[in-house]
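Open the model in your viewer and have the selection tool ready. The tour below gives one selection at a time and says what is found there.

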Amino acid sequence: MVAGVIAAVFLAGATTFIGLLAGPVGLVLGALVGLPLGAAFGWAIGSTRAYDLRTPRGLLAYVVDFTWSLPNTIAGAMFLAINLARGNKVEPTYTEGKRCVHLGKGTFPGYLTTIGPVIAGVSENVHAHEHGHILQARIFGPLYLPAVAANWVIATVLPFWLLYHDHARYPIKNVRAYFLDGVYPHNWNEAWCYRRYGPQR
Ligand SMILES: [Zn+2]
């Protein structure tokens, strides 16, 4: 529980500090945004003991998530708060000791979504893949989301991936296929996780 309280105070403090840099109005906005985020994330990890701080892996993930990977954790806490407000529930079985917050329902039909250390959706053969994204966020920290976004933009306007795409298995015949079978799986973070953790496409 202490881990949750510290996380809540730290997240609210971080957004308040970022707001303060923009002036007094920013400070108030930062606090208003940060308090519910901190409360949601702190409660989620505290009540489920998501990070086992007695183990080196749990402690390291906890420290990294609130330092180097803090921008990803803030993004994940936002995602979590929105999901909880819409009635999604934390799955304790997939969260306790797993160094993540795992929500029961997904955001897009047929897909699981991971933002920072928050996973939405349950489909056991895809969990390793989603944990791969959490690892990527911890490795690349503040660079992760910009690098993923940049790849999306470049791969959309300049489809270099068409050169090595498996056209026989995944023909690109319409806009939906262009994004779901082209831009998305060829993004560097997705190509990495599909290759390393599956599931088989
Ligand atoms: Zn993925």
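Predicted model: local features only at pLDDT ≥ 70, side-chain atom pairs only at ≥ 80, totals over all residues.

**Stop 1: the largest pocket**

Select Phe108, Leu112, Thr113, Tyr184 and Glu190. Of the 27 residues that line the largest pocket, these lie nearest its centre. The volume of this pocket is about 760 Å³.

Now widen the selection to the elements around it. At least two lining residues come from each of strand S2 (113-115), helix H6 (127-140), helix H7 (144-157), helix H8 (175-186) and helix H9 (188-197). Colour the lining by residue class: 15 residues are nonpolar, nine are polar and three are charged.

**Stop 2: the nonpolar surface patch**

Show the surface and select Trp152, Val153, Ile154, Val157, Leu158, Phe160, Leu163, Tyr164, Val175 and Phe179. Together they make a nonpolar patch with about 1,000 Å² of accessible area. Two elements, H7 and H8, each give two or more residues to this patch. The biggest contributor is H7, with four residues.

Isoleucine 154 sits in helix H7. Is this residue buried, partly exposed or exposed? Its relative accessibility is 44%, so isoleucine 154 counts as partly exposed.

**Stop 3: the salt bridges**

How many salt bridges does the model have? The count is two.

For one of them, select aspartate 52 and arginine 54, whose side chains meet at 3.0 Å, N to O. Aspartate 52 has a relative accessible area of 23% and is therefore partly exposed. Arginine 54 is exposed, because its relative accessibility is 74%.

Next select arginine 138 and aspartate 65. Their side chains form a salt bridge at 2.8 Å, N to O. This pair ties together distant parts of the chain, with arginine 138 in helix H6 and aspartate 65 in helix H3, 73 residues apart. Arginine 138 is buried, because its relative accessible area is 15%. Aspartate 65 has a relative accessible area of 1%, so this residue is buried as well.

While helix H6 is on screen, select glutamate 130, which also belongs to it. With a relative accessibility of 4%, glutamate 130 counts as buried.

**Stop 4: backbone features**

Select arginine 49, in the loop between helix H2 (24-48) and helix H3 (56-65). Its phi is positive, at about 50°, although the residue is not a glycine. Arginine 49 has a relative accessible area of 59% and is therefore exposed.

Then move to arginine 99, in the loop between helix H5 (92-95) and strand S1 (101-103). Arginine 99 is not a glycine either, and its phi is positive, at about 60°. Is arginine 99 buried or exposed? The cut-off for buried is under 20% relative accessible area. Arginine 99 has 18%, so this residue is buried.

Proline 199 is in the segment after H9, and H9 is one of the helices that supply residues to the pocket lining.

**Stop 5**

At 5% relative accessibility, tyrosine 51 counts as buried. The C-alpha atoms of tyrosine 51 and isoleucine 119 are 15 Å apart in space, while the residues are 68 apart in sequence.

Finish with tryptophan 68, in the loop between H3 and helix H4 (70-85). Its relative accessible area is 41%, so tryptophan 68 is partly exposed.

Note on methods
Residues numbered from 1 in each chain as written. Heavy atoms only, no water. 1 Å grid on protein atoms, 1.4 Å probe; cavity = no way out; pocket = protein on both sides within 12 Å on 5 of 7 lines; lining within 4 Å. Points joined across faces, edges and corners; volume = space filled by probe spheres on them. Nonpolar A, V, L, I, M, F, W, Y, C, P; charged D, E, K, R; others polar. Patch = residues over 30% accessible without salt bridge, like charges linked within 9 Å, V, L, I, M, F, W, Y side chains within 5 Å. Areas by Shrake-Rupley, 256 points an atom, 1.4 Å probe, with all protein chains shown as cover. Salt bridge = Lys/Arg side-chain N within 4 Å of Asp/Glu carboxyl O. Buried < 20%, exposed > 50% of the residue type's maximum accessible area, 1.4 Å probe, protein only.
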